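Here is a short note to read beside the model. Please follow the points with the structure open.

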Amino acid sequence: MGRVTGQSYQPPITVTTGLFACQDHGGISLDKPTIGLQEAEKRSIADLMQLFSTTDAGLTDAEADHRLQAFGPNEITEKKVNPLIKFLSNFWGPIQWMIEAAAVISLIIGHLEDFAIIVVLLFINVIVKYAQESKAGNAIELLKKKLSPSARVKRGGRWREVNARGLVPGDIIRVRLGDIVPADAKLIGGEYLEIDESALTGESLPVDKKINDVAYSGSIVRKGEMDALVVATGMDTYFGKTAKLAEKIAAPSHFQKAVVRIGNYLIAVTLMLVLLICAIEIWRGHDIFYILQFALVLTIAGVPVALPAVLSVTMAVGAIALAKKEAIVSKLVAIEEMAGMDVLCADKTGTITQNKISVADTAPHGSFKADDVLLYADLASREEDRDQIDLAIIMKLRENASLASLADRYHTLSFKPFDPVWKRTEAVVRKDSGELKVTKGAPQMIVALCKGDEGFETEVNQQVERFAGRGYRTLGVARTVNGDRWEFVGVIALHDPPRADSGQTIKTAQAMGLDVKMITGDHVAIAREIARVVGLGTNIQPQDAIVGVPDEKAGGIVERADGFAQVFPEHKYRIVDLLQKMGHIVGMTGDGVNDVPALQKANAGIAVAGATDAAKSAAAIVLTLPGISVIIDSIKESRKIFRRMTNYSIYRMGETIRLVFFITLSIIVFNFYPISALMVVLLALLNDFPIMTISYDHVKYSSRPERWNMRTLLGVSTALGLFGVLASFSLLYIGVNVFHLNHDVLQSFIYLKLSVAGHLFLFAARTRGPFWSVRPAPILLIAVVLTQLIATLITVYGILLPAMGWGLALFVWGYAFAWFLATDFLKLGIYRILEKEKVALM
C-alpha cells in the first residue's frame, strides 16, 4: 500500500524568536508560553511549525514529556471544593440547624448530658456521611477518567493512539469523522472538515474548515479527515476559557422527582403531627423549652434527612458495580432509566454480531476478475485508520503475495475517508506515470457513479440480494478510466457472524420483559437472516415503512416490528421518538457521530465498544466490551440498584409513620411521652449506620422493567407503618398494666422496642417475598447486630438511659421478633393484592 504524500516541513536548526528556546542539550524551555488563537489563525503553517519546533515526523517522546511538564495535562480543570469546607458544609442546612438548635436548648435548660450526646452523635453522623459520599465521589472520578477521549498523534514519525490528556502544543494529530477535537489545532493536511461548533458558539449549522483554519477543542467532526498542529491545550484553549461561563441545566429525572415526592410526603406528615403536639402541649401548660426541644428532635427523626444521600450513594456504588460489568456510567440517573427500559434498539454490527469482518466472496463485473475487485477495494482503503472493513480487505489481499506486491506499486496521492452521507471512500492513486481514482462503498452509491446498460443496475442488485440471503454485507467497487468516467469493477461480500452468546442472551432479555429490536443499515435480507439465527422475529421492516407515515400509524408499525434495516441516523431518532410516544422507556445503542441525536433522545443512550468520542459524550452509558450480553448484564445490575432504592424508600416511609404516629398519639391521647428527646436522637442518628450499608445489600433483580410506583410505595409503607404503631401501643399496654413499670424504665422499655423493631422492619422491607428469600449482605447484617447490641446494652445497664435489666430486654426482643414475623406475613398479603389489581388493570 502506498502512503499519502504531502508538504514536508524541515526542522529548524535553531529557534531564537519562537515559543520554545532551544537549549544547548537540545531540550526545550519549560517556561509556559502562550499563543493567541487569532495569531495562530494569521500565521502560516510553516511559521507555526518553526515556532513550535515541530517537524513533519511530529515531536519525539522526550520533547512531548518536557512540554507536558510545562503545560500540564490537556484537560479542563474543575473547581474542587476544599475538603475541610466540604466536611463543614455537612453541619449546614435545615435539618442540621434543628439538631444544633436541640443541642442549644438542652444546654439552656440544663440537660448537659443530652447536650453532649446530641453533639457527639451529630459529629459521628456527619463523619460517616462525609466518608460515604467521599468514597462514592472518588469512585465516580475514576469512572470519568475511564471515559476520557483518546487522540491519534504522530510521535517520532509513527502514528499512535494516546489519551488526549497527554497532548501538548506542537503535537501533530489526526481528526476524523466522529472525533471530538481534543485541542485547539491548526489544520495542516487533508481536504476539509465539517465541524459542529454549536457547543462552543451556539451556531447550529456545521462549519467548513480547510487547511490554515483552526479547529477548536470540544467541537465535533461531522465529516472529513485532516491532520492538524496543536497550538493550545487544556485551560488555554477556546473551550477552556469559556467553559466556566456556561452551565447546563437538565430537567429533573424520574429519580429526582421520586425523591422529592417521598421527601415531601414524609415532611408534610411529620410537620403536621409535630405542630399538633406543640399546640396541645402549650395549651396544657407544659414547659415551652422542653416542648420545643422535643418537637425539634421528633422532626429530625421523622424528616428523611438521609434519603437523598442514601439513594445517591446507592447509585454511585451501583455505578462501580456496573463498571466491573464493563459498562461505564456517565450520568448516574441513567441507572434508573436502564432499570425501567422495556425496549432495546440494538445495532446489529458489533452488538448482535461479532464485528469480526472478513471477506467472504467477490463477484466481478463484466471482464474484471476476482483479483481486480480485491485490488481496487484495497487501494480505496487505508490501514492506519484502523477501520474494520478496510482491515478485512487489506488482510485478504495480503493472503495473495503477488497481488500484495502489485498493490505496493501504487502510491496514494489523496484519500477521502468514509462519510455516512455519501457512504463510500475514495482515493487518487498513481502507478508509474498514470493516475486513476478508486472507490468502494454502498453498492447503490457506487452504481449511481457508474453508467451502464439498462440491465446493469438490475444485475448488481440481484447479486447483492444473493449475498444478502446468505447474511453477507456487500460493497461496490469502482475505478475511473479515461479521466473521470467511473467503471463498475464488482461486488465484494463481507461476513460478520453472530456472537455465540447472542441467541441465549436475547432469550434472557425477552424473559426479563425486554423487547429487543435489531437496528441496522444493512440490507433487509441480511437483517432477517441474522435475526433468524439469533432467535429474533423476522418482521424486519425497511426504513421507508415509517418515512412519511403519520405518527399514529407509524407508532404501531414500530411497536410490532422486530427490527429495521437500511436505517439512516435520522430514522433511529424517529424510531426512539415513536416508541417514547407509545409510553415505552427506550434504550438505543450507537457508535457514530450521526447517532448522537438518537443517543441523546433515548432514555438510556448506550455507546457501544469502539464508539466515537462524540457518541460517548452523548451516551449515558459507555460499554467497554462488545456484545449484547454486556447490555443485558447492565440492565440486571441496574434493576438490582433500583430495587435497593425502593426497598430503602419503603423502610424509610414506614419507619417514619411507625415512630411519629406512635409518639404523637401517646402525647395527645394519653398525655404521656413514651420516649425522651435524647432517645429520639439516638433512634434518628444511631440507626443511620446500618442504613448506609443498604447500598451494598444483596437483592434479586426484577423479572419485569422497574418503574417508580408511588401508589405501591405509599400503600405498602403506610400499611406496615400503621401495623407497627399497633405493636408499639400493645407493648405500652403490657409495660403499664402487666409489668407495672415506672415512667423512666417504661421509656427505656419502649425505646428498645422501637430500636429493635425498626431494624427488624428493615429486613421485612428489603424483600418482596418472605424475609428469608434473599439473604442480607454481611456488612448490613453486621451493622444491624452491632447497633442493636449497643441499644440493648445501654438500656440493660443504664448507660445514658434508665436501666431495666436483661429480663425486660429479652422480652422486648422476643416481642419485636414475633411482630416482625406478623409484619412480614402482612407484607406478602399486601403485595399479592397489589399484583392482582395490576393484572386486572392490564
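1. A definition comes first. Two strands count as paired if DSSP finds at least two bridges between them. Strands in a sheet pair through backbone hydrogen bonds, in a parallel or an antiparallel way. Keep in mind that this is a predicted model.

2. Now apply that to one pair. Strand 19 covers residues 586-590, and strand 20 covers residues 604-607. They pair in the parallel sense over 4 bridges. Within this pair, Thr 589 stands opposite Ile 606 of strand 20.

3. Next, the sheet around that pair. How many strands does the open sheet have, and in what order? It has 8 strands, in the order 8-21-20-19-9-16-18-17, and the pairing is mixed. Strand 8 (327-329) and strand 17 (540-542) are the edge strands, as each pairs on one side only. From one strand to the next, the twist averages 20°.

4. Helix 22 (residues 569-581) lies across strand 9 (343-347), strand 16 (515-519), strand 18 (563-565) and strand 19. Its direction is at about 170° to strand 19.

5. Two packed helices are described by the angle and the distance between their axes. The axes of helix 21 (residues 551-560) and helix 22 come within 9 Å and cross at roughly 95°. The two helices are therefore roughly perpendicular to each other. Helix 21 makes the contact with Asp 551, Ala 554, Gly 555, Val 558 and Glu 559. Helix 22 makes it with Arg 574, Ile 575, Leu 578, Leu 579 and Lys 581.

6. Turn to helix 3 (residues 61-71). Which of its residues are buried? Ala 64, Arg 67, Ala 70 and Phe 71 are buried. They lie on the same side of helix 3, because they cover an arc of only 120° around the axis. The buried residues of helix 3 pack against strand 1 (150-155). Just after helix 3, Gly 72 takes a positive phi of about 80°.

7. Last, the cysteines. How many disulfides does a search of the whole structure find? The search finds 0. Are Cys 278 and Cys 450 buried or exposed? The cut-off for buried is under 20% relative accessible area. Cys 278 has 18% relative accessibility, so Cys 278 counts as buried. Cys 450 has 8%, so Cys 450 counts as buried too.

Terms used:
Residues are numbered from 1 along each chain as its sequence is written. This is a predicted model: local features need pLDDT of at least 70, side-chain atom pairs count only at pLDDT 80 or more; totals for chains, interfaces and linings use all residues. Side-chain values use heavy atoms; hydrogens and water are left out. A disulfide is a pair of cysteine sulfur atoms within 2.5 Å. Buried means under 20% relative accessible area, exposed over 50%, partly exposed in between (1.4 Å probe, protein chains only). Axes are lines fitted to C-alpha atoms, for helices over the stretch in contact, and angles run from 0 to 180 degrees between N-to-C directions. Contact means heavy atoms within 4.5 Å. The arc is that of the directions from the helix axis to the C-beta atoms. Angles under 35 degrees count as roughly parallel, over 145 as roughly antiparallel, 65 to 115 as roughly perpendicular and the rest as oblique.
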